[in-house]
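Colleague: I have not looked at this one before. Can you walk me through it?

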Amino acid sequence: MESKSAGLMIQVLLQPTQERDGQALESLSDNIDAVNVLKADLIKEKSMHEKSEFDSEKDKTKFRQYEDACDRVKNFYREQHERQTVAYNLKARNDFKFKTRARMSIWEAMEKLNTLIDESDPDTSLSQIEHLLQSAEAIRRDGKPRWMQLTGLIHDLGKLLFFYGAEGQWDVVGDTFPVGCAFDKRIIYPDTFKGNPDYNHEIYGTKNGIYTPGCGLDNMMLSWGHDEYLYHIVKDQSTLPAEALAMIRYHSFYPWHTGGAYREFMDDHDYDMLAAVRAFNPYDLYSKSDDVPSAEELKYRH
């Protein structure tokens, strides 16, 4: 068998070359070069956990200055904190299961969002498409994995809820927090929860509420909004890794990933996800002060 194989190989190599297509050979060579470039890029790809570089010279103290925020932001959080109840969250999740709101491509969804200004954000008045492109571009420039770049591009697409049945912005945007247990003091503007019907509830108002320590964040209800909405969509309709799902679901859960709250409910899996969310957070938060990217240029980039 070995000699026959060798003979066959020699016969193939000695075939006449005059009928070969030179243009096809050149095209094949170009394709091989392109593959090698992609392989080289993959080799250079950095770990998700490597420290972000794009924000190394930025003054981080200038971000999330809620005490100096305008009345628009403060009024938003008062309404959100008063209306995010267990009853509302159960209803929202039930509606999610039985409503098809729209079908569109990722870019169509981004363009649809372009008219929304997030009333909860004190750091930017940019359109949503500009923020998404800023996040994805910052992740790309830092050489992070392609799946993480994609996560940066889509992480706020759940804000489409605003156009499809939301009661306002309070059930779409803003920092997230668990419902069904006591509201932690590390949530922004904690005193505004006193107007929430669950605040003094005999169960929901207690430290553990309807949960048990160590139950895992996957088993807790976070306040309904764009993060929860997109998380459930991407979990069912994509092959993104668990780290990407955590980045989407928890990137607005500041009392947890930055404030240290609700750690008693974490399981072993949550500690890995916490590291992933912290790796993603700079690209969501600190990219907002970068130059505005050109949507048209990036849309048609190969």
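This is a predicted model: local features need pLDDT of at least 70, side-chain atom pairs count only at pLDDT 80 or more; totals for chains, interfaces and linings use all residues.

Colleague: Fine. Which residues touch the most other members in the largest nonpolar core?

Modeller: Leu217, Tyr250, Trp256 and Phe265 do, in a core of 24 residues. Helices α9 (242-250) and α11 (268-285) each supply at least two residues of this core. The largest share, three residues, comes from α11.

Colleague: What is Leu217 in contact with, leaving aside its neighbours within four places in sequence?

Modeller: Its contacts are Arg249, Tyr250, Phe253, Trp256, Phe265, Met266 and Asp270. Apart from this core lies another one, of 20 residues, including Ala109, Ala136, Ile154 and Val234.

Colleague: Changing topic. Where is Asp227 found?

Modeller: Asp227 sits in helix α8, which covers residues 226-237.

Colleague: And how far away is the nearest side chain of opposite charge?

Modeller: That side chain belongs to Lys159 and is 7.4 Å away. A salt bridge needs the charged atoms within 4 Å. Asp227 has no salt bridge, yet the residue is buried.

Colleague: Then which side chains make a polar contact with the side chain of Asp227?

Modeller: One is the side chain of His226, at 2.7 Å. Another is that of Ser252, at 2.8 Å.

Colleague: What else is Asp227 in contact with, again skipping neighbours within four places in sequence?

Modeller: Besides Ser252, the contacts of Asp227 are His155, Asp156, Thr176, Ile248, Arg249 and His251. Arg249 is also in contact with Leu217.

Conventions
Residues are numbered from 1 along each chain as its sequence is written. Side-chain values use heavy atoms; hydrogens and water are left out. A nonpolar core is a set of buried Ala, Val, Leu, Ile, Met, Phe, Trp, Tyr and Cys residues joined through side-chain atoms within 4.5 Å. Buried means under 20% relative accessible area, exposed over 50%, partly exposed in between (1.4 Å probe, protein chains only). Helices (H or I, at least four residues) and strands (E, at least two) are DSSP runs, numbered from the N terminus. Contact means heavy atoms within 4.5 Å. Lys and Arg count as positive and Asp and Glu as negative; His and the chain ends are not counted. A polar contact is a pair of N or O atoms within 3.5 Å; within protein, one must be able to donate a hydrogen and the other to accept it, and residues adjacent in sequence count only if both atoms are side-chain atoms.
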